[in-house]
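This briefing is meant to be read with the sequence and the model side by side. It takes up strand pairing, then aromatic contacts, and ends with a surface patch.

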Amino acid sequence: MSWGIELWDQFDNLEKHTQWGIDILEKYIKFVKERTEIELSYAKQLRNLSKKYQPKKNSKEEEEYRYTACKAFLATLNEMNDYAGQHEVISENMTSQIIAELVRYVQELKQERKSHFHDGRKAQQHIETCWKQLESCKRRFERDCKEADRAQQYFEKMDADINVTKADVEKARQQAQTRHQMAEESKTDYSSILQKFNHEQHEYYHTHIPNIFQKIQEMEERRIVRIGESVKTYAELDRQVIPIIGKCLDGIVKAAESIDPKNDSQLVVEAYKSGFEPPGDIEFEDYTQPMKRTVSDNSLSNSRGEGKSELKFGGKSKGKLWPFIKKNKLSLKLGATPEDFSNLPPEQRRKKLQQKVDELNKEIQKEMDQRDAITKMKDVYVKTPQMGDPNSLDHKLAEVSQNIEKLRLETQKFEAWLAEVEGRLPARSDQARRQSGMYEAQNAPSVNNCAQDRESPDGSYTEEQSQESEVKVLATDFDDEFDDEEPLPAIGTCKALYTFEGQNEGTISVVEGETLYVIEEDKGDGWTRIRRNEDEEGYVPTSYVEVYLDKNAKGAKTYI
């Protein structure tokens, strides 16, 4: 099959068809270009989506990503970011390997097509010129033949007329001969040009046009092949990123499989565990006895700076209320978080102190690395003075050393608080080794209340973290019935092992070696209630005193 043979007379249609082919190619280029724009837009939207849900640095959200479910979500965001990158790769590859190549090829194709059809038109013009020349010779030959025929007829007419002179007849005869000679010359020219035209026409239809049309056919077939290759490349470029996209999806699946509900539950325990033990049973208070009632062991006296006044709750029908239930009328003020985190429950305070110590150690290590680097640089300057003045680094070295010393002192301070907390936590069991209620730092001002170290009967921790411990008791919450109550009787004595600064409401300060009266034992919360005199009583950490109970005293427990 050859266009030059089959389509020898379809020059105009072939010209239209090849132009349509170029239009199709340009349309495909436009399609791929729009696809690359979509890929870039999609990748950008995916990246923005991933960025939108990334946890903010140094925020509460960052702490939430300790949980495995949140980690899986974070891994999904990161994988989606990589997933977006693969769509950018598709766009880049399609731009470089399809669009750029096809744009260049279209320009070449247009030039080639223009050249072929220029040759075709040139051949057409040549054959048309030959045809016109043949037509001109033919008309001249026809005209000369007619003129010769008329001249012959005129001569014969003159020769037959007896009235015409012999000279006129001779003139007519010569004219006829001249016309016949011209007709013969025209015939010869016409015959020669006709042969030439037939030769040119044969060359045109059997050589020139077939060759030109064959080149056009080959050009068109190359265009078709190029489109096919581009379509294949289009698919291959998509296929190339499938393994990486698959890895992204596998990463998401792996992250999902790594979710551990038990681990997350344990993290909740670590995050919110207070370190307190549930309260014990409330002892029965017998109001039927006409004698003076003994105040419940679970009541709390507010004796610091208030003489004999004690906290007495409720009316006659209410009885004694637990002093830390939120239903009571204690007014708690919000305040700033103390440096030693003494506003937190023991376990949470220990974690915060440990975290602070770790952060300080990291800063110390960073400063030490900087000091080592400066020292090495100074050594280089000493060995090679042209590189710099070693004395210029002394100020910086001294500054770094001073920073290290400050950080070490800061670390020692927090390590002391940490040791204090861990040393006071009773080792009842590995599970509950840090459930002591004593977590007040002796060397730092504290703003927490002893109410923070005790719990209500329902086990609720009534003091919100970061709340100031000052408790204001409303006068309307107390009943005059208890104004004349006598103080609790002493059930033993105790000796202060350490000095304790009782800075919180409900506590009492003691000096090492001081002997005081015990009026209420440690109920498991880490606090013992003592009395110095009739005007001073309150709570001290049990680990700060050595208790000697009077076994015969009322309220003292008997240990077997």
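How many bridges join strand 3 to strand 7 (residues 545–549)? In this predicted model, five bridges join the two strands, which run antiparallel.

**Strand 3 and its partners**
- Thr 493 has Tyr 548 as its bridge partner in strand 7.
- Strand 4 (residues 515–520) is also antiparallel to strand 3, to which four bridges join it, and its Val 518 stands opposite Gly 492.

**Aromatic contacts**
- The structure holds 13 aromatic pairs; in one of them, Trp 8 and Tyr 205 count as edge-to-face because their planes are at 90°, with ring centres 5.2 Å apart.
- This pair links distant parts of the chain, 197 residues apart, since Trp 8 is in the loop between helix 1 (3–6) and helix 2 while Tyr 205 is in helix 5 (residues 166–257).
- Tyr 205 also forms an edge-to-face pair with Tyr 204, at 4.6 Å centre to centre and 85° between the planes.
- Tyr 204 is buried at 7% relative accessibility, whereas Tyr 205 is partly exposed at 29%.
- Tyr 498, Phe 500, Trp 527 and Tyr 544 form one aromatic cluster.

**Charges over rings**
- Arg 226 lies over the face of Tyr 105, at 4.6 Å from the ring centre, and Arg 66 lies over the face of Tyr 67, at 5.4 Å.

**Surface patch**
- Leu 49, Tyr 53 and Phe 73 make a nonpolar surface patch of about 280 Å².
- Tyr 53 is in the loop between helix 2 (11–52) and helix 3 (60–64), and its relative accessibility of 40% makes it partly exposed.

Terms used. Residues numbered from 1 in each chain as written. Predicted model: local features only at pLDDT ≥ 70, side-chain atom pairs only at ≥ 80, totals over all residues. Heavy atoms only, no water. Patch = residues over 30% accessible without salt bridge, like charges linked within 9 Å, V, L, I, M, F, W, Y side chains within 5 Å. Areas by Shrake-Rupley, 256 points an atom, 1.4 Å probe, with all protein chains shown as cover. Salt bridge = Lys/Arg side-chain N within 4 Å of Asp/Glu carboxyl O. Buried < 20%, exposed > 50% of the residue type's maximum accessible area, 1.4 Å probe, protein only. Pairing = 2+ DSSP bridges. Phe/Tyr/Trp six-rings, centres within 6.5 Å; stacked < 30°, edge-to-face > 60°. Lys NZ or Arg CZ within 6 Å of the ring centre and 35° of its normal.
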